[in-house]
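Here is a short report for someone meeting this structure for the first time. Please look over the sequence and the model, then read on.

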Amino acid sequence: MLVKNHNQGQISEALFRNLCERDYIDIEKSSRYEDRYEHIDFYVKLKTQVRSIDIKSTKKINGKLQDDYFYIEIKNDNGNKGWLYAPNMCLVGFECFDAYRIYRRDKILDYINSKGVNKFEPRTRYKDKSLCILLPRKDIEHLIYYTLYK
């Protein structure tokens, strides 16, 4: 299952890069270290400045791909802080069926903190210490930083 998820993530990242190039958006791949430990897939110039971004592919709920909810990682596989708390990652891009919806990570964190983590549906992965919550897309539409259409 992890290999399948990893491949899905790589496909989503490749599509994001291709869309940026199509739209003449400056994009540069992060280092292996940044990708693995800082949750940074790319550096992109959106609006007026270059920012780090982590790309999240569409996720399944009950075996069906959907884009109404985003998985937000509170704790990673080892039980440490998840990507939501990655200080060097500025933006997170969620793949949806029609576009990548890009948000500032700190704005999502502020939103979740203002509501309380316990307000959201928790999800855990089998045999690890991770904790994710399901964040309804409609709840954070007002926080969109940029939309990159497919």
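How many residues does the largest nonpolar core have, and which of them have the most contacts inside it? The model is a predicted one. Its largest nonpolar core has 21 residues. Ile72, Ile108 and Ile112 have the most contacts inside this core. E6, strand E7 (91-95), H3 and E10 each supply at least two of its residues. The largest share comes from H3, with four residues. In soluble globular proteins, nonpolar side chains tend to be buried together.

Beyond residues up to four places away in sequence, Ile112 touches Ile72, Leu84, Val117, Phe120, Ile133 and Leu135. Another core lies apart from the largest one. That other core has 15 residues, including Ile25, Phe42, Leu91 and Leu148.

**The sheet and its helix**

Three strands form an open sheet, in the order E6-E10-E9. Their pairing is antiparallel. Why is one side of strand E6 (69-75) and of strand E9 (121-123) left without a neighbour in the sheet? Both stand at the edges, and each has a single partner strand, so one side of each lacks a neighbour there. On average, neighbouring strands of this sheet are turned by 35° against each other, direction ignored. Strands of a sheet pair through backbone hydrogen bonds, either parallel or antiparallel.

Now the two pairings. E6 and E10 pair over six bridges, in the antiparallel sense. Within that pairing, Tyr69 has Pro136 of E10 as its bridge partner. E9 pairs with strand E10 (residues 131-136) over three bridges, again in the antiparallel sense. Here Pro122 has Ile133 of E10 as its bridge partner.

Is E6 largely enclosed or largely open? Five of its seven residues are buried, so E6 is largely enclosed by the rest of the structure. Helix H3 (residues 105-115) lies across E6 and E10. H3 runs at about 90° to E10.

**A buried loop residue**

Ile140 sits in the loop between E10 and strand E11 (144-149). Is Ile140 buried or exposed? Ile140 has a relative accessible area of 0%, so this residue is buried. Leaving out residues up to four places away in sequence, Ile140 touches Phe70, Tyr103, Ile108, Tyr111 and Leu135. Ile140 and Ile112 are 28 residues apart in sequence. In space, they are 9.8 Å apart, C-alpha to C-alpha.

**Two residues with positive phi**

Tyr24 has a phi near 60°, a positive value in a residue other than glycine. Tyr24 is in the loop between helix H1 (2-22) and strand E1 (27-29). His39 also has a phi near 60°, again positive in a residue other than glycine. The loop that holds His39 runs between helix H2 (32-37) and strand E2 (42-46).

Which side of the burial cut-off does each take? Tyr24 counts as exposed, because its relative accessibility is 76%. His39 has a relative accessible area of 19% and is buried, because buried means under 20%.

**Salt bridges**

How many salt bridges does the structure hold? There are 12. Side chains of opposite charge can pair when their charged atoms come close.

| Salt bridge | Closest N and O atoms |
|---|---|
| Arg17 and Glu21 | 3.3 Å |
| Lys29 and Asp35 | 3.3 Å |
| Lys138 and Asp139 | 3.2 Å |

Arg17 and Glu21 are four residues apart in helix H1, so about one helical turn separates them. Arg17 is partly exposed, at 27% relative accessibility. Glu21 is partly exposed, at 42%.

Next comes the pair of Lys29 and Asp35. Lys29 counts as partly exposed at 34% relative accessibility. Asp35 counts as partly exposed at 30%.

In the pair of Lys138 and Asp139, Lys138 is exposed, at 66% relative accessibility. Asp139 is buried, with a relative accessible area of 16%.

Which residues are linked in a network of salt bridges? They are Asp67, Asp98, Arg101, Arg137 and Glu141.

Key
Residues numbered from 1 in each chain as written. Predicted model: local features only at pLDDT ≥ 70, side-chain atom pairs only at ≥ 80, totals over all residues. Heavy atoms only, no water. Pairing = 2+ DSSP bridges. Axes fitted to C-alpha atoms, helices over the stretch in contact; angles between N-to-C directions. Contact = heavy atoms within 4.5 Å. Buried < 20%, exposed > 50% of the residue type's maximum accessible area, 1.4 Å probe, protein only. Core = buried A, V, L, I, M, F, W, Y, C linked by side-chain atoms within 4.5 Å. Salt bridge = Lys/Arg side-chain N within 4 Å of Asp/Glu carboxyl O.
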